[in-house]
Amino acid sequence: MATLNLVQAINLALIQEMEKDDRVLLMGEDIGLNGGVFRVTEGLQARFGKERVVDTPLAESGIIGTAIGLAMAGLRPIPEIQFEGFLGPAYDQICSHAARMRSRTRGAFTVPLTIRVPVGGGIHAPELHSDSPEAIYAHTPGLKVVMPSSPYDAKGLLISAIRDPDPVIYFEPKRIYRAFREEVPEDEYTLPIGKARTVSEGNELTIVSWGASVVQCMQAIENSGRDIELIDLRTIYPFDIDAVEASVSKTGRCVVVHEAPLTCGFGAEISARIMERCFLHLEAPVQRVAGFDTTMPYYKLELDYLPDAARVGRAIEDCLAY
Amino acid sequence: MLDSPAAGGGLVMNTLMSSPAQPASSHASSPVSGGFDVHGLGIDARPDTAPGAVRVSPTNGQWPMVEPGLALQFLRKMVLVREFEVRCMQAYQDKKIGGFCHVYIGQEAVAVGCNAALRPDDPMVTAYRDHGHALARGMSARACMAEMFGKVDGCAKGKGGSMHMFDRANNLFGGHGIVGAQVPLGVGLAFACKYEDEVMAGGALKRVAMSFLGDGALNQGSFHEGMNLAGLLDLPAIIVCENNGYSMGTAISRGTTMGHQITAKAQAYGIDAYEVDGMDVLSVYHEMHRIVEHCRATSRPAFVDMRTYRYKGHSMSDPRKYRTREEEAHYEADDPIGRLKARLEEEGILAEAGFKAMLKEVRAEAKDSVEFSDASPAPDLAELHTDVFVEPWGPYTGSSDPKMLGGAPRVPGFRAISNPETQL
């Protein structure tokens with residue numbers, strides 16, 4: 001078993017799926033010759049050729065629109081958008097077309113598309129290079145939204161996304177692209193979309209998080225010395241509310257942590273569902289720790305914006321003390 | 001085919017097309033059935049609109065020298081941009097600049113020459129490789145560097161960074177990070193010029209708006225939408241494509257149709273287009289001055305294929321695998337600063353000693369910008385919550401519990417966020 005970082009795990013998953021299925025092809029800005037802005041597709045054009053690893057012009061709407069056409073024709077395109085902030089120009093294609101095609105054609109056409117997008121803050125970048133827009137896409141019926149928090153999950157979830165018959169936005173937390181390594185099986189494997197992972201078990205409190213924030217939560221739990229259960233949602237939509245319900249019914253307390261702004265962040269949905277499903281089990285109001293309702297700041301304030309172990313730690317304390 | 005630069009004079013449209021400037025004439029005799037003419041085949045609705053004539057300006061032309069004071073100002077500004085960018089690269093390596101840094105080295109003649117062709121009240125907007133435009137426009141090196149350092153004395157209070165240079169006083173409307181997004185903005189600025197000057201003030205057009213984009217942005221929808229509007233509404237928008245041959249790592253021939261002749265794109269929008277040598281500040285200045293004044297006189301748009309080259313990578317983390325070192329050396333030998341310096345020496349306007357003194361002064365200014373930015377404080381935590389709306393509405397808290405922001409008294413238990421006025 002190889003010890004890989006998140007970038008390498010994604011690269012390996014792409015290689016394996018491309019070797020297995022020649023309908024799988026990649027497209028994006030500078031993904032071929034240059035290997036992608038974060039070098040995630042390094043070496044793939046040399047390996048699979050320019051016809052399958054396609055360097056595109058700088059045109060996000062055109063890239064996604066073309067990928068939708070490819071997918072409707074039965075291929076498995078995996079377009080890369082360089083940063084989540086660049087999804088803006090492609091928003092119309094994603095939300096007006098990819099997401100609704102199946103519904104609009106009453107099942108005659110579907111869009112087996114996986115859009116790979118580096119997401120989130122923590123790399124000292126400015127706005128449009130550090131945002132967390134997962135809730136926007138979770139709010140769009142017809143899209144699946146995935147965000148791994150570890151190399152192992154990244155590989156298994158990406159393979160599932162590629163094989164999924166519906167459009168998937170696969171968010172890659174750039175903050176942890178190369179932050180740590182873990183053992184990743186060389187053989188292919190899938191992790192089900194829509195299933196959460198229990199990172200650590202505990203009885204006093206539940207933390208629900210996803211993406212790079214999971215790592216901050218792990219640190220906060222360690223610092224707290226308390227018996228805390230950490231659930232990594234892994235898929236933002238469709239989300240594993242059963243796992244959340246089971247855990248919160250057991251612990252009676254929940255803190256939700258994400259980088260995106262608080263208002264209408266996906267934590268609001270989690271919180272509402274817990275209220276609906278676990279009301280009589282709750283010992284404290286669900287607490288959210290999130291980014292602020294402001295534009296992501298440039299790097300001197302970045303770490304004040306992003307939820308860190310200290311802020312999560314205070315939420316744990318307060319939630320337990322309620 | 002080529003117009004003599006030395007001849008100067010009025011705007012001569014030497015067109016590349018075999019049949020120049022005959023709007024709709026080839027269709028003029030087309031039959032119009034049933035009295036309807038939805039395609040405008042039978043009518044010349046806009047007789048004053050040339051169908052996007054193209055004028056090619058010579059490369060390596062011997063452009064007329066400008067008056068010595070202006071020429072020295074060109075040289076000083078170009079050297080300032082270059083020395084500033086060298087400092088940026090060092091600061092980036094020292095991790096004083098966060099995220100990304102796109103330096104302008106090699107392209108200095110474009111921002112400096114174009115800016116000199118504008119009046120101070122003409123709005124300007126550009127993309128993310130914007131330090132050169134900011135300095136050329138008159139932003140202080142201190143404010144520019146401090147912005148990159150994320151410090152409060154930066155032009156955007158250290159909250160925008162390298163790609164977000166804004167200068168209200170100098171009519172620089174950014175600095176924009178999304179490729180091509182600034183083109184419609186520039187068209188809007190041109191619309192505002194025309195509307196305010198001609199409609200609201202009821203006079204002649206006074207101002208024109210200049211937008212810059214890179215050649216990569218030619219492939220974005222926003223560019224084409226902006227161009228169509230500028231052509232359609234006859235706006236005084238001067239859209240300058242800083243064509244350095246690469247959109248990030250993709251050569252123009254690999255990413256853009258008609259990459260060898262991008263003026264063809266302007267023709268489709270009925271916009272007059274120009275090819276200009278962007279490696280020679282005298283070429284840029286003379287040509288842009290003529291284009292700007294033509295635009296001002298006619299209140300019509302223009303598109304410029306400004307041929308230039310960036311000596312460094314797209315950003316600081318670009319290994320430049322997509323081009324050869326020989327190619328870089330070729331363009332570096334044709335350096336815009338070297339070209340002007342040689343001309344000034346030839347014509348006895350500047351001696352070697354004078355250049356050295358200028359260089360020393362400019363280097364001190366660039367160094368000072370770094371020291372100033374080092375000393376400038378980082379934005380206060382409270383800055384996280386400013387400038388979202390004109391009238392502050394809070395608390396924008398990143399937690400269900402506002403006290404987690406710090407500063408507010410800690411009280412036992414939870415306070416649900418329901419009334420923003422009670423928070424913080």
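A:Pro238 is found in the loop between β12 (235-237) and α9 (241-251) of chain A; helices (H or I, at least four residues) and strands (E, at least two) are DSSP runs, numbered from the N terminus. The structure is a predicted model, in which local features need pLDDT of at least 70 and side-chain atom pairs count only at pLDDT 80 or more, while totals for chains, interfaces and linings use all residues. Residues are numbered from 1 along each chain as its sequence is written, chains are lettered from A and ligands numbered from 1 in the order in which they are written, and side-chain values use heavy atoms, with hydrogens and water left out.

The peptide bond between A:Tyr237 and A:Pro238 is cis, with omega at about -5°. In chain B, a cis peptide bond links B:Gly174 to B:Gly175, and its omega is about 25°. B:Gly175 sits in the loop between α4 (141-148) and α5 (182-200) of chain B. Most residues other than glycine have a negative phi, and most peptide bonds are trans.

Positive phi values were also found. A:Asp30, which is not a glycine, has a positive phi of about 60°. This residue, A:Asp30, belongs to the loop between β2 (24-28) and α2 (44-48) of chain A. With a relative accessible area of 5%, A:Asp30 is buried (buried means under 20% relative accessible area, exposed over 50%, and partly exposed in between, with a 1.4 Å probe and protein chains only). In chain B, the phi of B:Arg320 is positive, near 55°, and B:Arg320 is likewise a residue other than glycine. B:Arg320 is placed in the loop between β8 (302-307) and α10 (325-332) of chain B. Its relative accessibility is 22%, so B:Arg320 counts as partly exposed.

The loop between β8 and α10 of chain B also holds B:Arg323. B:Arg323 counts as buried, at 5% relative accessibility. Its side chain reaches the backbone oxygen of B:Tyr311 at 3.2 Å. The side chain of B:Arg323 also reaches the backbone oxygen of B:Lys312, at 3.2 Å. These are polar contacts, a term for a pair of N or O atoms within 3.5 Å; within protein, one atom must be able to donate a hydrogen and the other to accept it, and residues adjacent in sequence count only if both atoms are side-chain atoms.

Helix α1 of chain A comprises 15 residues, 6-20. Its end C-alpha atoms are 21 Å apart, which agrees with the 21 Å that the helix should span at 1.5 Å a residue; the expected span is 1.5 Å times one less than the number of residues. Of the 15 residues of α1(A), 12 are buried, so the helix is largely enclosed by the rest of the structure. Among the buried residues are A:Leu6, A:Asn11, A:Gln16 and A:Glu17. At the start of α1(A), a side-chain oxygen of A:Asn5 comes to within 3.1 Å of the backbone nitrogen of A:Val7.

B:Phe74 is part of helix α1 (residues 68-93) of chain B and is buried, with a relative accessible area of 1%. B:Phe74 and B:Ala116 are 42 residues apart in sequence, and their C-alpha atoms are 8.3 Å apart in space. B:Arg296 lies in helix α9 (residues 281-298) of chain B and counts as buried at 6% relative accessibility. B:Arg296 and B:Tyr322 are 26 residues apart along the chain, with their C-alpha atoms separated by 40 Å.

A search of the whole structure gave 2 cavities of 30 Å³ or more. On a 1 Å grid over the protein atoms alone, a cavity is a set of points where a 1.4 Å probe fits but cannot get out, and lining residues have an atom within 4 Å of a point. The largest cavity has a volume of about 240 Å³; a volume is the space filled by probe spheres set on the points, which are joined across faces, edges and corners. Its lining has 24 residues, and B:Ala127, B:Tyr128, B:Arg129, B:Leu213 and B:Gly214 lie nearest the centre. β3(B) gives the largest share of this lining, 3 residues.

The second largest cavity has a volume of about 90 Å³. It is lined by 15 residues, of which A:Ser132, A:Met147, A:Gly211, A:Ala212 and A:Glu259 are the closest to its centre. Domain 1 (2-184) and domain 2 (197-321) of chain A both contribute lining residues, so this second largest cavity lies between them; the domain bounds come from an automatic or database domain assignment.

Technical notes
1 Å grid on protein atoms, 1.4 Å probe; cavity = no way out; pocket = protein on both sides within 12 Å on 5 of 7 lines; lining within 4 Å.
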